[in-house]
Amino acid sequence: MNVQEVRAVWTSDKGSMAKQTAETRWAKIIQGIIDDIGETAAAEDVDCQRRAESIAIQIALKDIKKGIEQNKPLTRLPDDGKLDIQEWNKQLAAIGECSWTNCPWLFGECYMYRCIQRILNSSKYWQNYDVFKRQKDSTFVKSRAAVEELASRYIQIVADTQLAQNESKEEAKKLLFIEMTEIALWGNATDLSLLANLTLEDLQNLQGREAIQKSQRNIVDNDTDDVWAYLQRTVGQASRQIDVVLDNAGFEFFTDVLYAAYLLEAGIATSIRLHTKEFPWFVSDVIPSDVESLFEHLESSECFPGRKCLDQLIPRLRKLFQSGVITTTSDPFWTTPFSFHEMPSKAPALLKELQNSYLVIFKGDLNYRKLTRDGLWPHTTTYETALGPLGRESGVRILALRTNKSDVCVGVPTQSKVDALNEEAPGGAWVRNGKYAVVSFNEGR
Ligand code: F6P
Ligand code: MG
């Protein structure tokens, strides 16, 4: 199918997740920000000028909220001194007349976060304020049990990997890779209940393989074997930098850092580059300050009282950052409304960097929507086709780890599988409810 023929989902599309999100969730997100700013401004130690400015910010936010609730047209963004504003307005003009509940979902949702940031950018005292920090922190602390359990599991996995490596146990090495990949995958759903907890012995017998297969039944497009084959084929390559385009802070980011550390310890990668967003984005996405915040939380025995494994683990993770084996970077392209089909024209330098990367891992739902242009593809469309210019002959090796939380999902092997999924999770639930996922890989050849 031709890339151009596939329509992107609009917030007016009946029965879509797009429509439901625009009609019910956006206004609530803005209200959450208004409340958060109110709470911050009310604190005793807040400077009175900063407090006074918070009122104007709250009024501006209420205006956006009203616009959403009353389905007002999307209008040009006024200048806030940042270079990207022109691009947003050009894109809006290209779409033509549209309103909050009648616009391309991808554009409308990104535009909402840019509108919020514009208000903060135009302020004097709130420019670097993270409107989602409070929410990100409190959610992370609630995942206490999973964090502590994962810390202990990770230490075991790394020890097993070393053992499997020394004894050349290829099948065990692969199963450990699958387990770590799935931890990073289901971290996107903040639901690790589908994972098995296996010993090296389990991994070597049928029971281990069966447990892993069970956890994989909800992965509707699963290219793990292909990724593993690629990694095995290229293991002799001198520089093996893996890029991870991150999604959410807190628990998911913790799983991503563990995955990065594992890829290094297992000798799969020689360095890792983590891509964060430049400003608060889609509520929970990682921004630069969330990196230190992760460590601060992990080091706090108030947040995580079960210290046994964490105290062993954190210095190892910190060292990877301090020595520069793991680095972080932000590119302005990640906070534009463009799908990744536009990368060749809108961010050619970034594309070049990704072409030079050994493997680029895109985490999460929004990245997947951007990879596939938020297109309403038949679900059996190949991942390579849906990637458009980032697919065949792109020179980018792309792995998407995403739990399904929107309207798009491609790469399902057969129509009969789609039919079975529709029966098992009717009304498109398997594309939306976060209980199903994809591990989609394309070599860009
Ligand atoms: O639940 C819908 C949604 O808000 C989508 O708009 C967006 O794609 C997704 O959640 C964000 O999920 P993730 O953090 O996995 O990118
Ligand atoms: Mg996100």
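This is a predicted model: local features need pLDDT of at least 70, side-chain atom pairs count only at pLDDT 80 or more; totals for chains, interfaces and linings use all residues.
Residues are numbered from 1 along each chain as its sequence is written, with chains lettered from A and ligands numbered from 1 in the order in which they are written.

The chain has 19 helices and 7 strands, these being DSSP runs numbered from the N terminus (helices H or I, at least four residues; strands E, at least two). Its radius of gyration, taken over C-alpha atoms, is 22 Å, which agrees with the value near 22 Å for a compact globule of 445 residues; the globule rule is 2.2 Å times the number of residues to the power 0.38. The C-alpha trace spans about 65 × 55 × 40 Å along its principal axes. Buried residues, defined by 20 or more other C-beta atoms within 10 Å of their own, with C-beta atoms placed from the backbone, make up 44% of the 445 residues.

The strands form an open sheet of 7 strands in the order β1-β7-β6-β5-β2-β3-β4, with mixed pairing, where two strands pair if DSSP finds at least two bridges between them. The edge strands, each pairing on one side only, are β1 (219–222) and β4 (326–330). Strand β3 (residues 271–276) runs parallel to β4 and is joined to it by 5 bridges, with leucine 274 standing opposite threonine 328 in β4.

Strand β7 (residues 437–442) is largely enclosed by the rest of the structure, because 6 of its 6 residues are buried. Ala437, Val439 and Phe441 lie on one side, and Val438, Ser440 and Asn442 on the other, so that both faces are covered. Strands β1 and β7 pair in the parallel sense over 3 bridges, and asparagine 222 has valine 439 in β7 as its bridge partner. By contrast, β6 and β7 run antiparallel and are joined by 6 bridges, with threonine 403 partnered by alanine 437 in β7.

The shell around ligand 1 draws its largest share, 4 residues, from α16. Of the 13 residues around the ligand, Gly364, Asp365, Leu366, Lys405 and Ser406 come nearest, a residue being near if its C-beta atom, placed from the backbone, lies within 6 Å.

Terms used: A residue is buried if 20 or more other C-beta atoms lie within 10 Å of its own, exposed if 12 or fewer, and partly exposed in between; C-beta atoms are placed from the backbone.
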